[in-house]
Amino acid sequence: MSWETGNQKNRANLFRSNDDIAKIDGFLEEREAKLLFYEFLRNNVTFATDLITGVKLFPFQHMAIKSMLETDYFLGVWSRGMSKSYTTGLYAVLDSILNQGIETGILSRSFRQSKMIFKKIEDISVKPEAYLLKQCITKVSKSNDEWVMEIGKSRIRALPLGDGEKLRGFRFHRIIIDEFLLMPERIYNEVIVPFLSVVQNPTQREELYNAESRLIEQGKMSEEDRYQWPNNKLIALSSASFKFEYLYKLYEQYDNLIFNPKKDERTRRCIMQFSYDCAPLQLYDQNLINQAKSTMSESQFLREFGAQFTDDSSGYFKISKMALCTVPDGELPSVEVCGNAEDEYIVAVDPSWSETESSDDFAIQVLKINKEKQICTLVHSYALSGTALKEHIKYFLYILNNFNVVAVCMDYNGGVQFMNSCNESELFKSANINLKPMVTEFEKPEDYQQNLLTAKAEYNKSDFRYVFLRKPTSSWIRLANELLQANFDHRRVFFGSRAIDDNFRSQTKKKVGIQQLKFSNALDSEKQNEEARMIDFVEHLSDMILLTKTECALIQITTSAQGMQNFDLPANLKRKSGPDKPRKDSYSALVLGNWLCKIYYDMQNTHVEDVMQTFEPMFIA
């Protein structure tokens, strides 16, 4: 561990040091004693935290909270599991108590994540040793899209990031961003940063400035002696990222301004970069570290636990290429709960029959196609393990009813049984849907054109004869993966953007029977009304698209002694078992969907010539 001071100007200390306080002798009036005690609490973060919350801080937590209190921009790049949310919750409480009247906003990639810091504060406050904190909390209110905690005149709000337009209506003095790695750059620059431009007490500042100006005119003080008001604060927390992502650019910007500050720069910045081996031994379970080393790729472990920025993924599909194929936030297409009636969609299914927690995911991918540009975009993703077949059938029917599906591709190994199970279910019978498989098989490359003609003649969307059951032969697996890689390189397949602003609100207002759909094991146990569940659903879709990119980045290619190519997870990840094991089912479904997109485009571009056959009589002598 190292400590680098940088070249930023030290800000004038507003409070007396412990040494100065210790020199005070004699009787103190009550008001003076209170002010002195306040200064002592500000100087001694560990004591203040223990007194108010009953929590005894580790040294690194003391350093972090002290830095958050005394700097304007704090960037914490910490190892996973190093109590980022917990430590920041303690800071938010301490800051709200010691600086009455401040507005603190907690934002994250999802409302679920924003509420996590809020819940940490609540969990701390219910403990017997936190009786002082409980007395300080005057009100807590929770609505579908906003949680508020009032601590005297201060307020802490947890908000969903998706509704970027709603955020513009707030003005915060402190902004806490959890999982900053997933914060859209546009939202950060256009919405978050402007929050910090509003000061807490403008009238008081103006009065003091005018009074100081009169004293300067009278020669009783100099310009350098003006009172320096504390700035608003930004607290950004994250694991490390790839170097081509925005987090690393901000990290370099902070680093440069710390060591090369601008002239007369009064803003103070701090970077705290903590690897897992900087944490106290009591904080980490060594089994967790060993498990992570055995289940993660080396670069992923360095990012998640080593807090180190890495160049790129080492798999067959480069994460940098996929980043270029991701629609920027705020642009369309974005994730979709319901499809547009005028658009066409292709659905890919990689079934899993096991209902155990350690089973593979049952994966479904929905791709919006653009026949004019011959491209497709992943706009809806589903991946769930350890769930009954009836739940998968229910979700699949929801997709067929809410998207204009023009073709379906299923892995033959399991797809035949799943299609038959759907057709035999009461849900599909009530909906008058009877899926039918395409007979044409695209097995031989030399017969490809003829197969297109046959498939086009056989295809019938109105009769649901549009299901392609793809047999995963070794030659097809190689060709399909090469096709997906080429489409990433040439930007023919895209990942939908996160829904924000008006699009976010419109998606959350869709009526899809969300209370009957199971889309996440983590959220299934939570009791939520329809509106709150829809917010989680829209944010969950973005998480699932991110999961698809992550799975693609893990895929490696190996060649057997017989020359057969295999596209799979690294050997150390394949050996992992249990509910948290690495999976590749969303990737597999994307491979199926991408292949079917090409087939569908080629079918549409194939023209069957009408040939009229006539009989010509012949005379043979």
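Predicted model: local features only at pLDDT ≥ 70, side-chain atom pairs only at ≥ 80, totals over all residues.

Strands of a sheet pair through backbone hydrogen bonds, and the pairing may be either parallel or antiparallel.

Seven of the seven residues of strand 9 are buried, so this strand is largely enclosed by the rest of the structure. In a regular strand the side chains alternate between the two faces of the sheet. In strand 9, Glu344, Ile346, Ala348 and Asp350 point one way, while Tyr345, Val347 and Val349 point the other way, and all are buried.

An open sheet of eight strands has the order 3-4-5-2-6-7-1-8, and its pairing is mixed. Strand 3 (137-142) and strand 8 (269-274) stand at the edges with a single partner strand each, so one side of each is left without a neighbour in the sheet. From one strand to the next, the twist averages 10°.

Helix 9 (residues 185-195) lies across strand 2, strand 6 and strand 7, and its angle to strand 6 is about 140°.

Which residues of helix 3 (residues 45-53) are buried? They are Val45, Ala48, Thr49, Ile52 and Thr53, and because they cover an arc of only 95° around the axis, they lie on the same side of helix 3. The elements that cover these buried residues include helix 2 (30-43), helix 4 (59-70), helix 5 (84-98), helix 6 (111-125) and helix 7 (131-136). Just after helix 3, Gly54 takes a positive phi of about 80°.

## Aromatic pairs

A pair of aromatic rings is described by the distance of the centres and the angle of the planes. A search of the whole structure finds 36 aromatic pairs. One of them is formed by Phe111 and Trp147, which are edge-to-face at 6.4 Å centre to centre, with 75° between the planes. Phe111 lies in helix 6 and Trp147 in strand 4, so the pair ties together parts that are 36 residues apart in sequence. Phe111 and Trp147 are both buried.

Tyr316 and Phe317 form another edge-to-face pair, with 4.9 Å from centre to centre and 85° between the planes, and both of these residues are buried. Tyr316 and Phe317 also belong to one aromatic cluster together with Phe488, Phe495, Phe567 and Tyr587.

In soluble globular proteins, nonpolar side chains tend to be buried together. Here the largest nonpolar core has 139 residues, and those with the most contacts inside it are Tyr395, Phe396 and Phe468. Helix 23 (residues 585-604) supplies the largest share of this core, namely eleven residues. A second, separate core of 30 residues includes Phe172, Phe195, Ala240 and Leu247.

Apart from its neighbours within four places in sequence, Tyr395 is in contact with Ile364, His380, Tyr382, Leu517, Lys518, Phe519, Phe537 and Leu541.

## The whole protein

The protein has 23 helices and 17 strands, and buried residues make up 52% of its 621 residues. Of the contacts with a separation of 6 or more, 73% are accounted for by residues 24 or more positions apart. Taken along the principal axes, the C-alpha atoms fill a box of roughly 140 × 50 × 50 Å.

Technical notes: Residues numbered from 1 in each chain as written. Heavy atoms only, no water. Core = buried A, V, L, I, M, F, W, Y, C linked by side-chain atoms within 4.5 Å. Buried < 20%, exposed > 50% of the residue type's maximum accessible area, 1.4 Å probe, protein only. Helix = DSSP H or I, 4+ residues; strand = E, 2+ residues; numbered from the N terminus. Contact = heavy atoms within 4.5 Å. Arc of directions from axis to C-beta. Pairing = 2+ DSSP bridges. Axes fitted to C-alpha atoms, helices over the stretch in contact; angles between N-to-C directions. Phe/Tyr/Trp six-rings, centres within 6.5 Å; stacked < 30°, edge-to-face > 60°.
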